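Try each task before reading its solution.

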Amino acid sequence: MMTPPDRFLRLGDVLDRTGLSRATLYRKIQSGTFPRQVRLAERCCGWRESAVTEWMRNPIFYSVEDFPPKA
């Protein structure tokens, strides 16, 4: 069975889903406790939906080191 392709979420969608403020989101990225964004174009980035979902399963103990980025 094929898995559906991973979608990219923009900043507003990530903030809505997580309930985090923009400042808190970027602070968590810096500390390695939230998935890093992926550059989609020169002035556009997004987050993999699967990475955000994984963070939401256990946000307190999430670490980027536990979930290396997919190629």
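**Exercise 1. Find which residues of helix H1 (residues 11–18) are buried, and on what side of H1 they lie.**

Step 1. In H1, the buried residues are Leu11, Val14, Leu15 and Thr18. Buried means under 20% relative accessible area, exposed over 50%, and partly exposed in between (1.4 Å probe, protein chains only). Helices (H or I, at least four residues) and strands (E, at least two) are DSSP runs, numbered from the N terminus.

Step 2. These residues cover an arc of only 95 degrees around the axis, which puts them on the same side of H1. The arc is that of the directions from the helix axis to the C-beta atoms. An α-helix has 3.6 residues a turn, so residues three or four places apart point the same way.

Step 3. Among the elements covering the buried residues of H1 are strand S1 (8–9), helix H2 (22–31), strand S3 (44–48) and helix H3 (49–57).

Step 4. After H1 comes Gly19, with a positive phi near 80 degrees.

A word on the source: this is a predicted model, in which local features need pLDDT of at least 70 and side-chain atom pairs count only at pLDDT 80 or more, while totals for chains, interfaces and linings use all residues. Residues are numbered from 1 along each chain as its sequence is written, and side-chain values use heavy atoms, with hydrogens and water left out.

**Exercise 2. Classify the pair formed by the rings of Tyr26 and Trp47.**

Step 1. The structure holds two aromatic pairs. Rings of Phe, Tyr and Trp (its six-membered ring) pair if their centres lie within 6.5 Å; planes under 30 degrees apart count as stacked, over 60 as edge-to-face and the rest as tilted.

Step 2. For Tyr26 and Trp47 the centres are 6.5 Å apart and the planes at 55 degrees, so the pair is tilted.

Step 3. Tyr26 lies in helix H2 and Trp47 in strand S3, so the pair ties together parts that are 21 residues apart in sequence.

Step 4. Tyr26 counts as partly exposed at 29% relative accessibility, whereas Trp47 counts as buried at 1%.

**Exercise 3. Trace how S3 pairs with S1 and with strand S2 (residues 38–41).**

Step 1. S1 and S3 run antiparallel and are joined by two bridges; strands pair if DSSP finds at least two bridges between them. Phe8 has Arg48 in S3 as its bridge partner.

Step 2. S2 and S3 also run antiparallel, joined by three bridges. Here Arg39 stands opposite Cys45 in S3.

Step 3. Finally, a hairpin joins S2 to S3 through two residues.

Key. Contact = heavy atoms within 4.5 Å.
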